[in-house]
Amino acid sequence: MVGKATLYILFAIVTGIKSVSRKFPSDFKFGVGSSSYQIEGAWNEDGKSESIWDQYIHNNPKMINDEENADIACDSYHKYEEDVEMLKNLGVDYYRFSIAWTRILPNGTPDYVNQKGVQYYSNLVKLLKKNNIEPMVTLFHWDLPQVLQEQGGFATEKIVKWFTDYARLCFELFGDDVKTWITFNEPKQFCYLGYGMDYFPPAMNKSGELDYLCAYYLLKAHAEAWHVYNNEFRAHQKGRIAIVISYKWYEPLLPNVPAFEEAANTNMEFESGMYGHPLYKGDWPEIVKAKVSYNSKKEGRQQSRLPELSPEEIERIKGTNDFLGLNYYVSALVYPAATPQPAGFMRDLGVDTYQPWYWEQGKTSFIKVTPWGFKKLLKYLKDAYDNPEIIIIENGFNDDGQLDDVKRISYIERHLSAILEAREDFGVNVSGYSVWSFMDVFEWNFGYGNRFGLYHVDFADPKRPRTMKKSARYYRDVIKTRSLDKTSDYPTCFLE
Ligand code: BGC
């Protein structure tokens, strides 16, 4: 009988897998992630106010698959002690979670601080530390206080002060224990889907205008929070603070054809360069400025729809990222748009994407298994931004929630491999990796049918029991051994 391990070795030889035993350096950190709205529940408990997601879902139930909502979600507000036990069991170095602004500051501003909200996060942080798990805290993972939305949200300059005040309070409250802060999660997705479209709250649906305005104020808010941390807290709290950008790798459909190469570059700049460029190089990318300005003129406008960054603003934003927080899920092939695009962001971009049907995918086409693009992206970021420290904040695979989730194992393994290769082949400075998500969560408009977790959550049971999936065991072993050494426990995943 040929055993599974033998089969794997044969498979590895035939497919040319480079090495069977590969190690991460001892200071490389592993984590898992979640976000407040997606796991906490308790949407109106203990003085918490309504967020834009609470409001949007309650008023537009049909926007969510099966009209589900996150009123209870994983009930982590009540079950955080069990959550920490699970984290301990995984052996993670850090846990990335977010603070719900509405729990700490129900009015959005520091005129009233809700002590019960503070207590919740303080308990969580203390328990993590007691268990030697480093808290990595996101200040904003999309759940803006509704009360601030009603005063303009991210379409007004006021957000800069609102966010800075909130951030300062969080540094004061938790900064002795929290050493890694994330200001914003995925600004492109938040601004585009919520201000450019009506897919996310606040559903402003003004593409090519309000999404750009949102990007502008959000970057300013990020930079001001960084300066507050830098000037008032860094010396004694000794932590660091960064934004988290979601990147795809855009590969020209026809390599070495200038128009296709340009399309790929344009897509990189419009999507992620919009944020990375001002932080690392100063100002918006040239191609973005030029294309939006050209279209704005053609529409008879006096000014570009993209707000201009003044020299003072450029100076203030540049250099305000202590590490590059990167979320990566998927790549795409790109080509110059062949048909007229809808006015706004898509027309400014002028590029179309394509993902071949034969690329392996997760439950939805959002997830295609493209670790090769991840490796290229890491090299690109090293070259583009002068070799910054990169921490992978999110990377994960969606399915129906089965416990025997071998495809998730394969996805994680291949992306971890890509990191090792990018480090070895190009010297990319990736220092940490975090799986999205710690457990099955409320997956925004997809509700609960679309699962990313290492732990299964039974959302039909009021107690929301959690069960370890096979991928959790796999990840625990990776962390324990700090390597991708294969054990005979997981060979099936490589034959998927
Ligand atoms: C977000 C998460 C989300 C995940 C999977 C990321 O865009 O930060 O909140 O659940 O992708 O869709």
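Pro202 is located in the loop between α9 and α10, where helices (H or I, at least four residues) and strands (E, at least two) are DSSP runs numbered from the N terminus. The peptide bond that leads from Pro201 to Pro202 is cis, with omega near 10 degrees. The model is a predicted one, in which local features need pLDDT of at least 70 and side-chain atom pairs count only at pLDDT 80 or more, while totals for chains, interfaces and linings use all residues. Residues are numbered from 1 along each chain as its sequence is written, and side-chain values use heavy atoms, with hydrogens and water left out.

Cys191 and Cys214 form a disulfide, with their sulfur atoms 2.1 Å apart; the term denotes a pair of cysteine sulfur atoms within 2.5 Å. Cys191 belongs to helix α9 (residues 187–196) and Cys214 to helix α10 (residues 210–237), so the pair ties together parts that are 23 residues apart in sequence. The link of Cys191 and Cys214 is left-handed, with -70 degrees about the S-S bond. By this rule, the count comes to one disulfide.

Two further loops show backbone features. Ser437 lies in the loop between β9 (430–436) and β10 (455–457), and the peptide bond from Trp436 to Ser437 is cis, with omega near 5 degrees. Asn387 is placed in the loop between α15 (371–384) and β8 (390–394); its phi is near 55 degrees, a positive value in a residue other than glycine.

For Glu186, an N or O atom of the side chain is 2.5 Å from a ligand oxygen atom, and for Glu443 the corresponding distance is 2.5 Å. A polar side-chain atom of Asn185 lies 2.8 Å from an oxygen atom of the ligand. Taken alone, the ligand exposes 310 Å², of which the protein buries 94%, with accessible areas from the Shrake-Rupley method with a 1.4 Å probe.

Conventions. A polar contact is a pair of N or O atoms within 3.5 Å; within protein, one must be able to donate a hydrogen and the other to accept it, and residues adjacent in sequence count only if both atoms are side-chain atoms.
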